[in-house]
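Hi everyone, thanks for coming. Today I'd like to talk about aromatic rings, so let's bring the structure up on the screen.

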Protein chains: 2
Amino acid sequence: MSDATIPVELTDEAAALDAADELRAKRDAFTLDDTVYLDGNSLGALPRAVPARLADVVAREWGQLRIRSWEESGWWTAPERIGDRVGRIVGAAPGQVVVGDSTSVNVFKAVVAAVRIAQERGAHRDQIVVDEATFPTDGYIAESAARMTGCTVRAVAAGDVPTAVGPRTAVALVNHVDYRTGRLHDLPGTTAAVHAAGALAVWDLCHSAGALPVGLDAHGVDLAVGCTYKYLNGGPGAPAYLYVARDHQPRFDSPLPGWNSHADPFGMDTAYTPADGAVRGRVGTPDILSMLALEAALEVWDDVPIEAVRAKSLALTDFFLRCVERYVPAGRVRSVTPAAHAERGSQVALRCADAGPAMAELVRRGVVGDFRRPDVLRFGFTPLYTGFAEVERAARVLADVLDEVG
Amino acid sequence: MSDATIPVELTDEAAALDAADELRAKRDAFTLDDTVYLDGNSLGALPRAVPARLADVVAREWGQLRIRSWEESGWWTAPERIGDRVGRIVGAAPGQVVVGDSTSVNVFKAVVAAVRIAQERGAHRDQIVVDEATFPTDGYIAESAARMTGCTVRAVAAGDVPTAVGPRTAVALVNHVDYRTGRLHDLPGTTAAVHAAGALAVWDLCHSAGALPVGLDAHGVDLAVGCTYKYLNGGPGAPAYLYVARDHQPRFDSPLPGWNSHADPFGMDTAYTPADGAVRGRVGTPDILSMLALEAALEVWDDVPIEAVRAKSLALTDFFLRCVERYVPAGRVRSVTPAAHAERGSQVALRCADAGPAMAELVRRGVVGDFRRPDVLRFGFTPLYTGFAEVERAARVLADVLDEVG
């Protein structure tokens, strides 16, 4: 679509939406350029606070204070301190979240620990229910957890979890937002149904944390995990997190009882005595450089109400869908992201022929989303730094590209 | 000891040793000051190459290239690429080491996988032998691995492992160097004895990698783990590593089969098919900032023969022990580090009354070691940056401090 044929009303509308955007100023907290970056659901953009903070951690805390920094620079307590920062964003009161390890490792801790708690209630609980469209690692790890705890895995559609759980269910492991389709699953309702069956609910928040209100405490979630490098902008491979609801903490029995989770880690006891609280979810020595980069990245959130993020996220995805509908010939793409707000995360996934080459060309033209095999164009919308004019441009470039690639 | 009473011959000898030190120039590759830093066995000093490299990773690779860096900046293959660098230092040919996760998590992978391999040889192999003086986390994790694989743990002195292993042994998990005493255990002999019993040997190299030749391939070690923040100077909480000997790789059956270990990780299969080779030891998304800081730190090793490191290490610890013997009144301290070179790592542990306050005072006077409860002063000697004059000064300040504290 050439500039001469740009429909004026959508560009005008984008400008009006940007002018009225209460999160608009947050964009300045990130390092961005002319690229329309719609891949923050894969790797968030760089917050401006990170480089200087990390340089100080390296040069002064490591380079000058060296070993003293474990105490003097607060390194030792970073996992729970930063955990509380994440907690605020996902609706967890302090003392329930620790940061560290990868999402996969945290899924293992959460699922095994949840099975053990469930089996205290009844040894016959030997089934782990997972949503069948899960990001693969959760399914692989659930299989391993099942194998190592004498359970079996049953995969069902996330929407069917409430009816699939029963007296043999130990745990249901569900993704809050489907990584491929962007579908938002019903966390409150599903959690309630899992509880009604006497089982525990473990939620994977990778694609919802920082994009919408999660309400872990409010909805009585048992355990949860998530990464911090998507909407939380913590950096490539930034440490993940584990939420263990306060009531479960005394029974949280970790399959990875590393020395950092000991009640007296420097006592060097040969016998393991777990610490109280969220610290029990720690394992080995925390990865300080990545963790403190994450801490600096999270400062962006200090004055951001998650409700405002959600409102803008829905406005962005609504507007993108309208622009696509307007610019792209009917039938050329099909959104697999639900139209209903209650079922939509912060991304739009479009199924189309030639999605692979189309995304490659989009990236060349400065519109970055990602391609998910076999035929999905995935666009993530980060309300903190994505504007409406960018969204309009992305849809316009998409139309051009599909016209040429098709 | 006042300056007026410094024995001239030891300071002269230190100067001569420094002048003849072939690794002397390596000190310039690190950020150091007037502190005598003898805690590199806890957290290595900052290599000068790290700050600029990490700044570029943050500002350009993350900040500008963003998601493209997974491919264009070589992020995705970093765990095995950096693993090969570690491999060169510990005597492993390429393709057998991956970097990632913490030591504790890697102990879990290694021990569980080793049990599974051993039990293919005979289901009756249900015992995990661990050295009783192990760094605690190895013991805790071995207990968890045992519980989850139907095994039991038997703790014996590391020196007794060769006679303790038998037909029921699945795995022996041994620390190459004892973290407290600095005792170097017999890796070749113990590994051979473990093999003779039909079991697998898993070595923890935290306190030997970068301090002395390990020879993983040469001695037929089965699996090994270690951290990278001690003698490898990778930074606080830098990613650990896992070695799986090539012959075992096809049977390496990970208890943490995250998506990064899949044969086709971006195929997003619901079925798990493990990758070939060392990649099979990966789990989740690698922690890029810490990992690339480590990569830069390892450049220091490019032209360093590990034999030269070992020779200097022994010279440093010999000299320190002589200085201590000369300066500190007889009986005031007792070395628990073996005198025999074949049994000594790269640290000296001195038992003495008031070790806690003595170390605090040493640190105040610019001699940094660490205190291990209840009564051990621990001094680590990093041959790449520690000089003999520093060693002499450390012993002298120690004598002064013990005189005052005692």
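Predicted model: local features only at pLDDT ≥ 70, side-chain atom pairs only at ≥ 80, totals over all residues.

Residues are numbered from 1 along each chain as its sequence is written, chains are lettered from A and ligands numbered from 1 in the order in which they are written, and side-chain values use heavy atoms, with hydrogens and water left out.

What makes a pair? Rings of Phe, Tyr and Trp (its six-membered ring) pair if their centres lie within 6.5 Å; planes under 30 degrees apart are stacked, over 60 edge-to-face, and the rest tilted. That gives 25 aromatic pairs over all chains.

Take A:W76 and A:F266: their centres are 4.9 Å apart and their planes at 55°, so we call the pair tilted. These two are 190 residues apart in the chain. Buried or exposed? Buried means under 20% relative accessible area, exposed over 50%, partly exposed in between (1.4 Å probe, protein chains only). A:W76 is buried at 18%, and A:F266 is partly exposed at 37%.

Over in chain B, the rings of B:F319 and B:F388 have centres 6.0 Å apart and planes at 70°, so that pair is edge-to-face. B:F319 is buried at 2%, and B:F388 is buried too, at 3%.

Ring pairs also build a cluster, with A:W76, A:F266, B:F135 and B:Y179 among its members.

Last, charges: one sits over a ring if NZ of Lys or CZ of Arg is within 6 Å of the ring centre and within 35 degrees of the ring normal. A:R66 does this over B:Y37, at 4.7 Å from the ring centre, and B:R282 over B:W76, at 4.8 Å.

Notes: Helix = DSSP H or I, 4+ residues; strand = E, 2+ residues; numbered from the N terminus.
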